[in-house]
Amino acid sequence: MGLSSLLAGGIALLALPAFAGAAEPILQTEQSDVATLPAWGPHTILVVDAVYTHNKDGRAYVVDADKGKLLGMVQAAYNANVALAPDASRFFVAETTWARGNRGERNDLLVEYNANTLGITADEKLPSRALVTPKRNNLGLSADVSRAYVYQMSPSNAVEVVDTKTHTVTQTVDIPGCALVYPWGNDGFSSLCADGTLANVHLEADGKPAMTHSPAFFEPDHDGIFEQSPSSSKDGKAYFISYSGLVYETQLGAQAVVSKPWSLQEGAGLKAAPAADKPLEVTWRPGGWQMSALHKSDHTLYVLMHRGTFWTHKEAGTEVWVYDTTTHKRLRRMPLTKASTMVGVTQDANPLMFTADEGTGGFIISDARTGKVLRVMKALGTSLIFTAAPGE
Amino acid sequence: MSLSDSGKKQAGLLDRLTETTLRRIAGRSSRRSVLTRLGGAVAAVPAFMLLPVSRAGATTKAAGAEAAKPKAKTPFGAKAQAKNDLACDYWRYCAIDGNLCTSCGGGVHTCPPGTAPSPTSWIGSCYNPQDGNSYMIAYRDCCGQDSCNEVTCLNTDGDQPSYRPMANNDIIWCFGTGTSEMYNCSTAAIVGKIS
C-alpha cells in the first residue's frame, strides 16, 4: 500500500464517526421497570426446585413450556411446597426460614402470590409445617381455593386449615397416625394412615372437623401406597398407586369409597408384580418421586416405570406408561431419553409431558401423546421435583 | 423376604403399640411435652428392639437350622459390603436417605462438629454380610447446619411412606435438637440385633 493510499484511508477513518452518527440514532436514556407475566395459558407451569444441596435456597420457576423459556421465579425455602390455583390466577408457597439463616426464630409461612406479577398478596405465619422432602400432597387447596390445607408434623400429625380470604388458620385438625392431604370438594380432605385406612375430614358449616375412617384397604409394610398418588379436588377422584403397582381408584369424600384395585402390570399384558413377600423378583415397577400424573379430561394416568426389585420405589423411571383409567389398559409406553424421578402433564387437549434430568437439573418437555422430546431447558435448576399446571 | 405369620403379628403389634402410644401422647399432651416424651420413647428403643420383631426389611431364620446364619433376603442386603462406611452400599445404610456423616467430619454414629444429633430417628433393619446377622439401625440426623453433600445416598430397603414415620427416610428428623431443624447429614447407629 502506497503513502497516498494510507492517507486516504486515514481520512476515511476520521470521517467515520460523523458518518455512523448520521445512520444510527443516539440511544435514549432508559427507566428501569418490572415485567409482568403474559397471560397464563395451559402450557404455563410452575416447576418446583428443592435444591437438595442447599435446601434453604429452594425456589419455584414459572416456565412457558411452549417456548422452553423461564418467565420468573420465587423463593420456596427449605423443603417448601407449592400449589397452583386451577385458574392460574394465584399460587401458594408453604416454606420455612430461620431469622439468622441456619438459626434464630423459625418461621413457617404460607405465602400467596399473584400469578401475573409474582407479587406477594399474603405472607402468613403458620403454627408449624412438616419438614420433609417435599411431596405435592403436603399442601393442598380446596376446589374453589377458599381453603389451603398444610400438613404439619411437629412431630404429632395435623393439618392446618387456612382461610385464603382472611389469611388465617381457622382449624388445626389432628390426624393421629395419618399424613398428607388429598383435598375433595370445597370442604374436606383425606389423609393416608399407618393402619392402611383413609382418614376423611369434613369441615362442617361451623368449620368444625368431623372425621371418619375408611376400612383398611392396604398393608403399608407389605405394599405401601405412594404418597405422590394423583388426585383431583374438583371431582374427588384419587388414584392411589401401591409400590407393587396396584391402583386403588377412590372416590374421596366424607365416606370415601375405595374400589377393588387393578394392576399396572396386568394392564400392560404382564403378570401382576409381587410385593414385599417376594422382594427380589425383578419386573417393571412404578417408582420415582412425583411418579405419576393424571390428565383429568382424557382419563389417562401417567406412571414412571423402571425394571427393578421390590423396595426400588424411589428409583427413576426409564419409561412412562400411560393408562386409560376406565379400561385399566395401557395405552402406550414412552421410553425416556433420560431416566426421571418426576412426571407432570398439562390438562389441555394437546398436552405436554414434563420430566427432569437429575444429573444436570435439565427440564425436558415432551409431547404427552407421543413422548417425542420437543425441547430441553438445560440446567433449569438443581433438584426439580414436580410441576403444577393450570386446571390440575 | 417372607414375613412369617408370627412375624407379621409381631410387626403389627409394634405398629399398633407405636401408633397407640403416639395417638395417646398426641391426644393428651402439649406439643412441647410430646417432643419430650417421644424423645424418651426413642431413647428406650435399644431395649425394645431386642424383642424378636420381624419387619419388612428384616431377615428370618431358617427353620431347624440352629447354627445357620440368615441370608440376605432384601435387594440391598444381597449386595451390601462391610468394609467401607464412606460408600452407599455399606451394610448399615440399607434404608438411608441423605448425606453420610462419615463424609462430613463425623462418623457412623457421630455427628460432625457444629451440629447436634436428633433424639428421634427412623429405623431400618439391615443385614451385615460380615457376621450374617441383621440389626436394627437408627438413622439419626445431625442438625443445625445446611446440607453436607460429600456423599449422598438414597437406599430404600424397608422404607415406608411418611404415614409410617418411624420407617420413613424423607422426614427431617431434627425434632428437639436444640439447634434449628436444618439437616446436615445422617448417622446409622446400631440399636439392636434382630437375628
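Mentor: Asp170(B) sits in a loop of chain B, between β6 (152–154) and β7 (183–186). Strands here are DSSP runs of E with at least two residues, helices are runs of H or I with at least four, and both are numbered from the N terminus. Two ground rules come before we go on. The model is predicted, so local features need pLDDT of at least 70 and side-chain atom pairs count only at pLDDT 80 or more, while totals for chains, interfaces and linings use all residues. Residues are numbered from 1 along each chain as its sequence is written, and chains are lettered from A and ligands numbered from 1 in the order in which they are written.

Is Asp170(B) buried or exposed? Asp170(B) has 21 other C-beta atoms within 10 Å, so it is buried. The cut-off is 20 or more other C-beta atoms within 10 Å for buried and 12 or fewer for exposed, with partly exposed in between; the C-beta atoms are placed from the backbone.

Now its contacts. Two residues are in contact if their C-beta atoms, placed from the backbone, lie within 7 Å. Setting aside neighbours within four places in sequence, Asp170(B) is in contact with Val132(A) and Thr133(A) on chain A, and with Asp97(B) and Ser162(B) on chain B.

An unreviewed UniProt entry places the feature "binding site" at Asp97(B), Asn169(B), Asp170(B) and Ile171(B). They are spread over 75 residues of sequence but cluster in space, with a largest C-alpha distance of 9.6 Å. A caution: UniProt positions are given in the numbering used here, feature names are shortened, and annotations may be inferred rather than shown by experiment.

Move along to Ile171(B). Ile171(B) lies in the loop between β6 and β7 of chain B. Its C-beta has 24 others within 10 Å, so Ile171(B) is buried. Not counting residues up to four places away in sequence, Ile171(B) touches Val132(A), Met153(A), Trp122(B), Ser162(B) and Pro165(B).

The unreviewed UniProt entry marks Trp122(B) as "modified residue: Tryptophylquinone". Trp122(B) counts as buried because it has 28 C-beta neighbours inside 10 Å. Leaving out residues up to four places away, Trp122(B) touches Tyr139(B), Met166(B), Ala167(B), Asn168(B), Asn169(B), Ile171(B) and Trp173(B).

Where does Trp122(B) lie? Trp122(B) is in strand β3 (residues 122–128) of chain B. That strand belongs to an open sheet of 3 strands, ordered β3-β4-β8 in chain B, with antiparallel pairing. β3 and β8 (189–193) of chain B stand at the edges with a single partner strand each, so one side of each has no neighbour in the sheet. From one strand to the next, the twist averages 35°. The angle runs from 0 to 180 degrees between N-to-C directions, and axes are lines fitted to C-alpha atoms, for helices over the stretch in contact.

Strands pair if DSSP finds at least two bridges between them. Strand β4 (residues 133–139) of chain B is joined to β8(B) by 4 bridges, and the two run antiparallel. Ala138(B) stands opposite Ala189(B) in β8(B).

Step back to the whole of chain B. Chain B has 3 helices and 8 strands. Its pattern along the sequence is α-α-α-β-β-β-β-β-β-β-β. Of its 195 residues, 52% are buried. Among contacts in chain B between residues at least 6 apart in sequence, 74% join residues at least 24 apart.

Asp170(B) also touched chain A, as Val132(A) and Thr133(A) show. How many residues does each chain give to the contact? Chain A gives 41 residues and chain B gives 39. On the chain A side, β12 (178–184), β13 (188–193) and α2 (220–223) of chain A each give two or more residues. β12(A) gives the most, with 3 residues. By class, the chain A side has 19 nonpolar, 13 polar and 9 charged residues. Nonpolar means Ala, Val, Leu, Ile, Met, Phe, Trp, Tyr, Cys and Pro; charged means Asp, Glu, Lys and Arg; the others, Gly among them, are polar.
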